[in-house]
Amino acid sequence: MYRGRRLRKNAVIRNMMKEITLQVEDFIYPLFVVEGENIKEEISTLPGVFHYSCDRLEEVLDEMCRYGVMACLLFGIPAHKDACGSQAFDEDGIIQRAIRKIKAYCPQMQVITDVCMCEYTDHGHCGILDEDGYVNNDKTLNYIAKIALSHAQAGADIVAPSDMMDGHIQAIRSLLDTHGYVTTGIMGYSAKYASSFYGPFREAAHSAPSFGDRKAYQMDYANREEAIREVSADIEEGVDIIMVKPAMAYLDILHDCAQRFHYPIAAYQVSGEYAMLKLAIQNGLLHEDAMQESLIAIKRAGAKLIISYEALAYAKSIKDGIG
Ligand code: PBG
């Protein structure tokens, strides 16, 4: 008889047998930066996650450094929106100021910036609209590349386009290279699904589309093969890190991509996954270990990097020996 329980007898042997462990280096922590001063405000849809104004970023950066979370994914929420999202590539836009601030205060922090237009357009879509409301792919590419360049100029280490336009990696790579930013990396939201799990984020980033949905650019959640084509395209265009998003309901996709592509791969535990777990834990429906279980599952499925709203809290729990 196979007696698997021999190696589960006590905590020490169980720890010795662990195949997957999380470490702080696995994590990327999303940061939301808003206009204004002296703002640190909890986001109602994301318990434990805050909006920061630029002048209050030190607090969270200090904590991140203390606990070893040395990578952030930056989102800017502008005060002014228009049809072409002009604040997204403004030299003095909210995200550009935040990048400069973070790199000045904490040069080792890896600043990864979300490159998209939905927080910046008055219609809330991720690109430039045709008259009939369709997001025009090739017109949008010019803007996406321009936004990425402005982030690189402000000091971003890695740009992360989340718009799902065809050809965006190539458009960004060539504009960055032409301007001498050959060392700026690109993390592609390569397999990004049109998901209801982004709900809490859209509240947090004021980025919900004012009409329709994102199904004409983000992927259909019924599709698995298509992810291979999307990731392959990003790789051909010169992406450095690939990503699958969301994570928990897409572990099959993550596993497929991790097996097939020998590229660094990130998974995004998105707002809805985090909020769902967090609220269930807060209400006593789930034990708090459910969060770690979910994060381990993401790594077990093949993620090298995990973008998570829990990153900082998790790093604290590792360091304080609670995890
Ligand atoms: C911007 C963007 C979104 C997320 C990351 N970048 C929202 C969307 O595509 O609607 C979602 C992140 C999350 O839910 O945590 N396009």
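Q: Strands here are DSSP runs of at least two residues, numbered from the N terminus. In which strand is the place of isoleucine 307?

A: The model is a predicted one. Isoleucine 307 falls in strand E13, which spans residues 305-308.

Q: Is isoleucine 307 buried or exposed?

A: Buried means a relative accessible area under 20%. Isoleucine 307 has 0% relative accessibility, so it counts as buried.

Q: With which residues is isoleucine 307 in contact, leaving aside its neighbours within four places in sequence?

A: Isoleucine 307 contacts Ile28, Pro30, Leu73, Met187, Met243, Ala267, Tyr268 and Gln269, once neighbours within four places in sequence are set aside. Met243 shows how sequence separation and spatial separation can be read together: methionine 243 and isoleucine 307 are 64 residues apart along the chain, and their C-alpha atoms are separated by 9.7 Å.

Q: How many residues has the largest nonpolar core, and which have the most contacts inside it?

A: In soluble globular proteins, nonpolar side chains tend to be buried together. Here the largest nonpolar core has 110 residues, and Leu31, Phe32, Met64, Leu73 and Met187 have the most contacts inside it. Helix H4, residues 137-154, supplies the largest share of this core, with eight residues.

Q: Which residues does leucine 73 touch?

A: Not counting residues up to four places away in sequence, leucine 73 touches Ile28, Tyr29, Pro30, Leu31, Ile112, Thr113, Asp114, Ala160, Met187, Tyr189, Tyr268 and Ile307.

Q: How do H3 and H4 lie: parallel or oblique to each other?

A: Angles under 35 degrees count as roughly parallel. The axes of helix H3 (residues 94-105) and H4 cross at roughly 25° and come within 8 Å, and the two helices are therefore roughly parallel to each other. This crossing, too, is right-handed. Ile95, Gln96, Ile99 and Arg100 of H3 make the contact with Ser150, His151 and Ala154 of H4. The contact of H3 with H4 has three nonpolar, three polar and one charged residues.

Q: Where does threonine 121 lie, and is threonine 121 buried or exposed?

A: Threonine 121 lies in the loop between strand E5 (110-115) and strand E6 (128-129). At 1% relative accessibility, threonine 121 counts as buried. Beyond residues up to four places away in sequence, threonine 121 touches Lys81, Asp82, Ala83, Cys84, Gly85 and Gly127.

Q: Is the peptide bond from lysine 245 to proline 246 cis or trans?

A: That bond, from lysine 245 to proline 246, is cis, with omega near -10°. Proline 246 is in the loop between strand E11 (242-245) and helix H8 (251-260).

Q: What is phi of asparagine 38, and what is phi of histidine 206?

A: Asparagine 38 has a positive phi of about 55° although it is not a glycine. Asparagine 38 sits in the loop between strand E1 (27-34) and strand E2 (40-42) and is exposed, with a relative accessible area of 53%. Histidine 206, also not a glycine, has a positive phi near 50°. Histidine 206 is in the loop between helix H6 (199-205) and helix H7 (225-237) and is partly exposed, at 46% relative accessible area.

Conventions
Residues numbered from 1 in each chain as written. Predicted model: local features only at pLDDT ≥ 70, side-chain atom pairs only at ≥ 80, totals over all residues. Heavy atoms only, no water. Helix = DSSP H or I, 4+ residues; strand = E, 2+ residues; numbered from the N terminus. Buried < 20%, exposed > 50% of the residue type's maximum accessible area, 1.4 Å probe, protein only. Contact = heavy atoms within 4.5 Å. Core = buried A, V, L, I, M, F, W, Y, C linked by side-chain atoms within 4.5 Å. Axes fitted to C-alpha atoms, helices over the stretch in contact; angles between N-to-C directions. Parallel < 35°, antiparallel > 145°, perpendicular 65-115°, else oblique. Left-handed = near helix turned anticlockwise from the far one by under 90°. Nonpolar A, V, L, I, M, F, W, Y, C, P; charged D, E, K, R; others polar.
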